[in-house]
Amino acid sequence: RMNTSRYVWVALLAIAAFPAGAAEFKDYPGLPPLSAVTQALNAHPSVLGAQAGIKLEQANQSKLAAGAYEYAVRLGAQRRDVRLDPSQQFNEWDVGVERYIRLPGKSALDAKLGVQGVDQARLAHGDALHEAGRQLLKLWFEWVRATQTEAQWQGQAEAFKQQLGIVAKRVQAGDAPQLEALLAEAAMSQAQAAELQAKLRAEVAAAELAGRFPAVPLTQTPPL
């Protein structure tokens, strides 16, 4: 199980981060298909949010590279009165085109800031994939454990049921006391109750896994 967990841990992160490299891996019995893992992790809300953050920082990087130093048109108007002759008034207009100049050092700093913003967004995307992979790994093995436990208790309940039938025949034949039949029936009832509890836990585990990662198929119980 440790080797299996380690494989899933590496596969979840590597495939989700580099889908093109999925051909280097292959599917194994008892593990979810790697194509489904890739789809499930990339569709996780936290990963989608991190992907949107990368696009936002890339847009901000382009904005910083272009700068906010575009050409601007300035238009002004004023009226001037001549003190010596108040009747003389003049309307004056002025039009200007101006543009701020970004120094080379400032341009390099803006470009570096844009690159750092994109790098941080990609790191956040990696963290989101990491956490989503941990959640999928945990929920997957919880579901596997729950389904296997249910199967084990189902076998135990069936075995106790068969044993009760044998004991009942022995009691009827006079080869066993009634107490032995009561004990066999109690054991069967306990096994059936444990089977029911295990079934409920398996259903809860399956529902939680399907709710958080619907792309991962739960068609059949994986083999041990």
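Predicted model: local features only at pLDDT ≥ 70, side-chain atom pairs only at ≥ 80, totals over all residues.
**Entry 1: α2 and α4**

Which residues meet here? From α2 I found V37, L41 and N42. On the α4 side they meet L129, A132, G133 and L136. I then sorted the residues of this contact by class: five are nonpolar, two are polar and none is charged.

**Entry 2: α3 and α4**

Next I turned to α3 and α4. These two pack at an angle of about 175°, with axes 8 Å apart. Angles over 145 degrees count as roughly antiparallel, so α3 is roughly antiparallel to α4. I sorted this contact as well. It has 12 nonpolar, eight polar and three charged residues.

**Entry 3: the nonpolar cores**

How many residues does the largest nonpolar core have? I found 23. Among those with the most contacts inside it are L41, L136, W140 and W143. L209, F213 and V216 are also on that list.

Then I asked which helices supply at least two residues each. They are α2 (34–42), α3 (45–66), α4 (104–173) and α5 (178–212). The largest share, 11 residues, comes from α4.

Leaving out residues up to four places away in sequence, V216 touches P32, A36, A40, L136 and W140.

Note on methods
Residues numbered from 1 in each chain as written. Heavy atoms only, no water. Core = buried A, V, L, I, M, F, W, Y, C linked by side-chain atoms within 4.5 Å. Buried < 20%, exposed > 50% of the residue type's maximum accessible area, 1.4 Å probe, protein only. Helix = DSSP H or I, 4+ residues; strand = E, 2+ residues; numbered from the N terminus. Contact = heavy atoms within 4.5 Å. Axes fitted to C-alpha atoms, helices over the stretch in contact; angles between N-to-C directions. Parallel < 35°, antiparallel > 145°, perpendicular 65-115°, else oblique. Nonpolar A, V, L, I, M, F, W, Y, C, P; charged D, E, K, R; others polar.
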